[in-house]
Each structure stands twice: as C-alpha cells, then as structure tokens.
Amino acid sequence: MDKLDFKKVDKAFYGGKQGRWDRITLPQMTFLAIDGQGDPNGPGYAAALGVLYPLAYGVKFACKSEGADYVVPPLEALWWAEDPAAFVAGNRAAWQWRAMLRMPDRVSDEIVEEVRESVRVKLLKKGVDIEPLAQAARRVFEEGACLQTLHVGPYTAEAPVLADLHERVMPEAGLAFNGAHHEIYLSDPRRVAPEKLRTILRQPVKSTG
C-alpha cells in the first residue's frame, strides 16, 4: 500500500529558492491545528506541539487501518499580530500563532474526536499537559495567491527577509497582505544546526489594483 506523501505530490508547495520570491496558488487544504499566542520558545507553544503530534499520529494510524496511510508532513505555523511590523521588530510577545500538521482531506471531525479520547488517556498516563488537547481542531482553509521563498538559517535571521518582502517586493508588485504569515519547517531544529535550518516562508497576497 502506497503512502500519500504531500511533499511528493505537491512539490511546489514545499519548495522554493533562497533569495527569490515565487508566486504560487494554494488550493483548499485540511489541517490539524492548535492556536495560541506569545514567544514560540515559550511553554505555550511547546505544550501545543506536545499534544499536536500524538493526535496527528493517532489520526494517521486510524487512516492506515482503513487502507489510507499517509506520511505525517513537516510542521507548519501561521503567525500574525495586530501590527505586521511586530515580526520585523522581533516583538514575540505580540505574536499569535496556529501550529498545524496537514492531513488528507478525507479526515473528518468525527475521526479527530475518536482519536482525541484515546490520545488523552495515553498522555495522562505519561504525565503530559493535556490542556491544549481540547483546543486542537480540524481546520480547512484556502490561501489562494501567495508569495513563497526558501529561508536557510536560524529563525531569528528571518526578519530582514520579511522586511524586504513587506517594504520592497510586495509594493513593487502591487500586492497587499491577504492572510497570516505562513512557515513550513523542513528541518528538525533538534538535529540540524541553526545555520542549516531550511524553512519555507509564505505570504498570502492580493492585488492593490
């Protein structure tokens, strides 16, 4: 049985070239997601990931049992703030986020709810903070037109890249914001040196004309 691998079937959505912003169009996609606010290095974000992954793998195994296995893809996150300049300024306390893992479109709310209870029992036995588990939800949305690039380096070095996007690339192309800043983490920061981290940076846009 072949596994569905989003990175292979949707290569353009998980690729890019450093130093170049490409325009792509994203279709509707399904995610398992948890919302929060604050520094991604803080306890809230870590706690969210601590339940998001077990829930995602529970959904994967539920799908596999029905003959529809898939590869759990890289972690993604939406980031936004009242003032987009908060990202360039590094004001992490003002950041709001949605940590996400993509799922097949066939995954329903009913499957998520069935898996949630079994995951809750397992995490309780391990002493894991399960409070964020109740906030996890199936999210379906369509970003449409986006600008996307590959960033290589530490997350803290993204600010100049985003500043150039906001202050030069988008104005010159006659484009404006049309959704939250989106990142896809292609590298595992626990195993890859900061200077070699590969991250997809994506910004939904619309014409100002």
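Rings of Phe, Tyr and Trp (its six-membered ring) count as a pair if their centres lie within 6.5 Å. Keep that cut-off in mind for the close-ups, which come from a predicted model.

**View 1. Four residues, one aromatic cluster.** Tyr45, Trp79, Trp95 and Trp97 come together as a single aromatic cluster. In total, the structure holds seven aromatic pairs. Two pairs that share Tyr45 get their own views below.

**View 2. Tyr45 meets Trp79 at a tilt.** Here the ring centres of Tyr45 and Trp79 sit 5.7 Å apart, with 35° between the planes. Stacked needs planes under 30 degrees apart and edge-to-face needs over 60, so this pair ends up as tilted. Tyr45 belongs to helix H2 (residues 43–65), while Trp79 belongs to strand S2 (residues 76–80). The two are 34 residues apart, and their pair links distant parts of the chain. Both Tyr45 and Trp79 are buried.

**View 3. Tyr45 again, now edge-to-face with Trp97.** The planes of Tyr45 and Trp97 stand at 90°, so this pair is edge-to-face. Their ring centres are 4.9 Å apart. Helix H2 supplies Tyr45 and strand S3 (residues 96–103) supplies Trp97, so the pair ties together parts that are 52 residues apart in sequence. Buried or exposed, what are Tyr45 and Trp97? Both are buried.

View 4. How many helices and strands does the chain have? There are five helices and seven strands. Reading from the N terminus, the order goes α-β-α-β-α-β-α-β-α-β-β-β. Of contacts between residues at least 6 apart in sequence, 76% join residues at least 24 apart. Buried residues account for 46% of the 209 in the chain.

**View 5. Overall dimensions of the chain.** Along its principal axes, the C-alpha trace spans about 50 × 35 × 35 Å. Why does the radius of gyration fit a compact globule? For 209 residues, such a globule would come out near 17 Å, and the chain has 18 Å, which agrees.

**View 6. Surface and charges.** The chain exposes about 10,700 Å², and carbon and sulfur atoms supply 51% of that area. As for charged side chains, the chain carries 27 positive and 28 negative ones. The centres of those two sets lie 6 Å apart.

Conventions: Residues are numbered from 1 along each chain as its sequence is written. This is a predicted model: local features need pLDDT of at least 70, side-chain atom pairs count only at pLDDT 80 or more; totals for chains, interfaces and linings use all residues. Side-chain values use heavy atoms; hydrogens and water are left out. Helices (H or I, at least four residues) and strands (E, at least two) are DSSP runs, numbered from the N terminus. The radius of gyration is taken over C-alpha atoms; the globule rule is 2.2 Å times the number of residues to the power 0.38. Buried means under 20% relative accessible area, exposed over 50%, partly exposed in between (1.4 Å probe, protein chains only). Contact means heavy atoms within 4.5 Å. Accessible areas come from the Shrake-Rupley method with a 1.4 Å probe; for residues, only the protein chains shown count as cover. Lys and Arg count as positive and Asp and Glu as negative; His and the chain ends are not counted. The place of a charge is taken as NZ of Lys, CZ of Arg, CG of Asp or CD of Glu.
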